[in-house]
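Hi everyone, thanks for coming. I'd like to take a few minutes to walk you through a structure, so please have a look at it with me.

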Amino acid sequence: MERYYSLNQYFKNKYGEKVGKLSLDGGFSCPNRDGTLSTAGCIFCSEKGSGDFTNSGLSIRDQIERQKKVAKNKWKVSKFVAYFQAFTNTYGPVDILRKIYYQVLDDPEIVGLAIATRADCLSDEILDLLEELSKLTDLWIEIGMQSVKEETIDYINRGYSHKYLDQKLKILRKRKIKFLLHVIFGLPGEDEKDMLVSINYLNESGAFGIKIHSLYIQNDSVLYKKYLEDDFTILTKDQYTDLVVQALGLLNDDIVVHRITGDGDKNKLVAPLWSADKLSVIGEINRKLKIVNTKKERE
Ligand code: SF4
């Protein structure tokens, strides 16, 4: 029983069953990593371009088969969403993107496509392709909003402003391309009010979904150096779970909650160590939601 509209609930409503997610590395790079905008990337970006759970190095077909096997054993699922997770998955020539996406959709067990990307990697011709695919499959794109505060966006070195993102989201809405926004709680210089302003923005944005996680630091990120130099405070588990409970209370009922905690690579995690125990964080959020009785239980 969950007191928010979870991704599992969305799948159950839409397909009548659980759907597995296949985390893929499509072999892309990112303008914020390849030197086009910068080589440093967003300060929290890992060596694998935030795709730490992909089987990079294998062909896309082999990645799919390997991940399906694991998911089938673990969850007994027979439907999947292919999630292009690592780096920026619309950063390439449109004919190559078309080939990759259609190749994946050829698989009859794949019912949807999730594409992680950046607002500045969505040219008109790529938007045309996404619009076309949206009519064929359950497609959404995932964009790292992280915060609406421009100072924060500068600090994390994303490479484009919130204002730019806002304009791009209007276009996505107009074209009826579903989008999901990532939000990070605990970014340096942000207080509770800033974080909840981001949630309010998301409510107004027309987003299909949200992923929330706490700021975590891996030893292969620029953030790690900043953490050592700037000595900023990391949220405690109690603070983080309180914030998520507040955010879920504010969130529109029709926004699908894809994630309420982050999970980096445990071997590289520096802080906060509590974030490594994902189940405990989720359990604590659910416990607090029950106490404050935020929204009704969903079947
Ligand atoms: S946009 Fe994604 S892949 Fe690119 S630097 Fe930022 S987190 Fe890394």
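This is a predicted model: local features need pLDDT of at least 70, side-chain atom pairs count only at pLDDT 80 or more; totals for chains, interfaces and linings use all residues.

Let's start with the ligand. Which residues come nearest to the ligand? Of the nine around it, those are Cys-30, Gly-41, Cys-42, Cys-45 and Arg-118. Sorted by class, the shell has four nonpolar residues, three polar ones and two charged ones.

Now to the helices. Two packed helices are described by the angle between their axes and the distance between the axes. Take helix H3, residues 94-105, and helix H4, residues 124-134: their axes come within 10 Å and cross at roughly 15 degrees. Angles under 35 degrees count as roughly parallel, and therefore H3 and H4 are roughly parallel to each other. The crossing of H3 past H4 is right-handed. Who makes the contact? On the H3 side you'll find Val-94, Leu-97, Arg-98, Tyr-101, Tyr-102 and Leu-105, and on the H4 side Glu-125, Ile-126, Leu-129, Leu-130, Glu-132 and Leu-133. That contact of H3 with H4 has nine nonpolar residues, three charged ones and no polar ones.

The second pair is H7 and helix H9, the latter being residues 237-250; they pack at an angle of about 30 degrees, with their axes 10 Å apart. H7 and H9 are therefore roughly parallel to each other too, and H7 passes H9 in a right-handed crossing. From H7, the contact uses Glu-192, Met-195, Leu-196, Ile-199, Asn-200 and Asn-203, while H9 brings Leu-243, Gln-246, Ala-247 and Leu-250. By class, this contact of H7 with H9 divides into six nonpolar, three polar and one charged.

On to the aromatic rings. The count comes to nine aromatic pairs. One of them is Trp-140 with Phe-208, a tilted pair at 5.2 Å centre to centre with 45 degrees between the planes. This pair links distant parts of the chain, 68 residues apart: Trp-140 is in strand E4, residues 138-146, and Phe-208 is in the loop between helix H7 (192-205) and strand E6 (209-214).

Finally, the backbone. Most residues other than glycine have a negative phi, and most peptide bonds are trans. Where is Asn-157? Look in the loop between helix H5 (150-156) and helix H6 (162-174). Asn-157 has a positive phi, near 60 degrees. As for the peptide bonds, the one from Ala-271 to Pro-272 is cis, with omega near -10 degrees. Pro-272 is in the loop between strand E9 (269-271) and helix H10 (278-292).

That's my tour, and I'm happy to take questions.

How values were computed:
Residues are numbered from 1 along each chain as its sequence is written. Side-chain values use heavy atoms; hydrogens and water are left out. A residue is near a molecule or strand if one of its heavy atoms lies within 4 Å of it. Ala, Val, Leu, Ile, Met, Phe, Trp, Tyr, Cys and Pro count as nonpolar, Asp, Glu, Lys and Arg as charged, and the others, Gly among them, as polar. Axes are lines fitted to C-alpha atoms, for helices over the stretch in contact, and angles run from 0 to 180 degrees between N-to-C directions. Helices (H or I, at least four residues) and strands (E, at least two) are DSSP runs, numbered from the N terminus. Angles under 35 degrees count as roughly parallel, over 145 as roughly antiparallel, 65 to 115 as roughly perpendicular and the rest as oblique. A crossing is left-handed if the near helix is turned anticlockwise from the far one by less than a right angle, and right-handed if clockwise. Contact means heavy atoms within 4.5 Å. Rings of Phe, Tyr and Trp (its six-membered ring) pair if their centres lie within 6.5 Å; planes under 30 degrees apart count as stacked, over 60 as edge-to-face and the rest as tilted.
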